[in-house]
Amino acid sequence: MMGERTDEDAGIGQLMSQLAADAKEAAQAEVALAKARAAFAATRYKWAAVYFSIAGVLALAALIALLVGLILTLATVIGPGWATAAVVVGVLAIATILGLMGKAQLSKKVVS
């Protein structure tokens with residue numbers, strides 16, 4: 001008969017409900033997994049940034065120690081004032097060259 005529901009129709013409806021519930025549960029699990037992965041990556045990158053920062057500070061301290069040593073070494077030959085001036089001018093020349101090289105990299109045209 002046309003208007004009557006059979007047990008087969010009820011089974012299909014129940015299966016569709018179960019399918020919808022399972023799909024919702026799977027989506028929630030995927031979202032939870034994505035959040036966990038993002039949190040793990042953020043923690044990993046945070047510690048990497050900390051280690052890189054400490055390494056940069058120590059490298060800068062080593063460079064300063066090297067420059068002070070260079071000034072002290074030159075001071076015995078040309079005097080402390082001239083040694084300081086010579087090292088400062090040399091470091092500024094290197095910084096200028098590196099700055100111009102960086103500017104050239106930024107002004108390059110991108111070929112597509």
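Predicted model: local features only at pLDDT ≥ 70, side-chain atom pairs only at ≥ 80, totals over all residues.

Reader: What does the secondary structure come to?
Author: It comes to two helices, with zero strands in the protein chain. Helix 1 takes in residues 7-78, and Val-68 has its place there.

Reader: Since you mention Val-68, is it buried or exposed, or something in between?
Author: Val-68 is partly exposed, because its relative accessible area is 44%, and buried would require a value under 20% while exposed would require one over 50%.

Reader: Which residues make the nonpolar surface patch with Val-68?
Author: Val-68 makes that patch together with Leu-60, Leu-63, Ile-64, Leu-66 and Leu-72, and the patch covers about 580 Å².

Reader: Changing topic, how many aromatic pairs does the structure hold?
Author: The structure holds one aromatic pair. The rings belong to Trp-47 and Tyr-51, and with their centres 6.0 Å apart and their planes at 35 degrees, the pair is tilted.

Reader: How far apart are Trp-47 and Tyr-51 along helix 1?
Author: They are four residues apart in helix 1, so about one helical turn separates Trp-47 from Tyr-51.

Reader: And how accessible are Trp-47 and Tyr-51?
Author: Trp-47 has 43% relative accessibility and therefore counts as partly exposed, whereas Tyr-51, at 54%, counts as exposed.

Reader: One last thing, where does the charged end of Arg-44 sit?
Author: The charged end of Arg-44 is placed over the ring of Tyr-45, at 5.1 Å from the centre of that ring.

Methods. Residues numbered from 1 in each chain as written. Heavy atoms only, no water. Patch = residues over 30% accessible without salt bridge, like charges linked within 9 Å, V, L, I, M, F, W, Y side chains within 5 Å. Areas by Shrake-Rupley, 256 points an atom, 1.4 Å probe, with all protein chains shown as cover. Salt bridge = Lys/Arg side-chain N within 4 Å of Asp/Glu carboxyl O. Buried < 20%, exposed > 50% of the residue type's maximum accessible area, 1.4 Å probe, protein only. Phe/Tyr/Trp six-rings, centres within 6.5 Å; stacked < 30°, edge-to-face > 60°. Lys NZ or Arg CZ within 6 Å of the ring centre and 35° of its normal.
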